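Please study the sequence and the structure shown below before reading the solutions.

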Amino acid sequence: MSNFFFKRRLLALLLSLIVLVTMMGITVKDRPFPTWPERVIRDSFAFVEGLVYKPATAVAAFFESFQEIYHVYEENKALKQNLQQLTQLTAQLNEVKLENKQYAKLLEAKESKLSDYQLKIAEVVARSPDRWNHMLIIDTGSKDGIKPNMAVVTPGGYIGRIQSVSKYSAQVELVTDIEHGNHIGAVVQADESVYGVVEGYDSKNNLLIMRKIPLQAKVAPKQLVITSGLGGTIPRGLILGEVISVKTNDLFLTKDVFIKPSANLNQLEKVFVVERSFLPPPEIPTPERQPDNSTSADEGEDAS
């Protein structure tokens, strides 16, 4: 029974509050100064709202900031990927530009100063650091018609000759590998051609040395040196370099000519192999030794 009256009182209280709030909502706009119950209720609501609103706003701001940080992180991640791709594309573009420039130089040289030769283009695929001045490997071999002792050149000039050949590659002996017998017949283009042999290399100054030049030969700096073709393997006319200086050797019998190679031997990426279309000099037959008739006669006499 008491529970019934309690519920009725509670229901009446709630209805009264609802009616009061409704009346306040209707009348509060018409009056500049609300009554004290309205002020108490309004201040109470304001206080409660202050207690709830500020933490809720702070929590919402925290999650919004976290979301913004995550978005910034994702954007930075995407920008870094784009930057890496752009860097890669830039490197590839520069490589293509450099390759096109090299092909343009090769084509220009092939159509001008190397137009007298049959050439096969090849790419350098390996060069050992410990044998930098001695050899390199190119990507053409016997299947492309490459043979030992063929000359190898760049638009700058002669760089070496084919030392050995396999089916898909070949090993090039560089012009600076003089110590292993890679001597080159050469001629200095002067008023009177001066012939000699390049048989030395000054690695300190990067100079080829042409020895055994007669003392009376007129050789001067800036004169051009080309292959003489007298060796029978390297064709004539390939540019070796330019005379830098001339010195009399220690025995005062001949001169040494120092030549700066015209080709840049430190930057070799694409080269030409010169096909051997000329005939090597015929071998001079060795005369057969004639039997000594006098000795035979003497032997015959002794035998008799």
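**Exercise 1: The surroundings of Lys-147**

Leaving aside neighbours within four places in sequence, Lys-147 is in contact (heavy atoms within 4.5 Å) with Ile-162, Val-165 and Arg-276. The model is predicted, so that local features need pLDDT of at least 70 and side-chain atom pairs count only at pLDDT 80 or more, while totals for chains, interfaces and linings use all residues. Residues are numbered from 1 along each chain as its sequence is written, and side-chain values use heavy atoms, with hydrogens and water left out.

Task: State where Lys-147 is placed and whether it counts as buried, partly exposed or exposed.

Solution. 
1. Lys-147 is placed in the loop between S2 and S3; strands are DSSP runs (E, at least two residues), numbered from the N terminus.
2. Buried means under 20% relative accessible area, exposed over 50%, and partly exposed in between (1.4 Å probe, protein chains only).
3. Because its relative accessibility is 47%, Lys-147 counts as partly exposed.
4. The C-alpha atoms of Lys-147 and Gln-163 are separated by 8.6 Å, although these residues are 16 residues apart along the chain.

**Exercise 2: Positive phi angles**

Task: Describe the phi angle, location and exposure of Asn-149 and of Lys-212.

Solution. 
1. Most residues other than glycine have a negative phi.
2. Asn-149, which is not a glycine, has a positive phi near 75 degrees.
3. This residue, Asn-149, is found in the loop between strand S2 (135-138) and strand S3 (151-154), and its relative accessibility of 30% makes it partly exposed.
4. Lys-212 also is not a glycine and has a positive phi of about 60 degrees.
5. Lys-212 lies in strand S8 (residues 207-214) and counts as exposed, at 58% relative accessibility.

**Exercise 3: The setting of strand S12**

Task: Explain why strand S12 (residues 270-274) is described as largely enclosed, and name its partner strands.

Solution. 
1. Five of the five residues of S12 are buried, so the strand is largely enclosed by the rest of the structure.
2. On one side lie Lys-270, Phe-272 and Val-274, and on the other Val-271 and Val-273, all of them buried, which leaves both faces covered.
3. Strand S1 (residues 119-126) runs antiparallel to S12 and is joined to it by five bridges; two strands pair if DSSP finds at least two bridges between them.
4. In this pairing, Ala-122 stands opposite Val-271.
5. S3 also pairs with S12 in the antiparallel sense, over three bridges, and Ala-151 has Val-274 as its bridge partner.

Note on methods
Helices (H or I, at least four residues) and strands (E, at least two) are DSSP runs, numbered from the N terminus.
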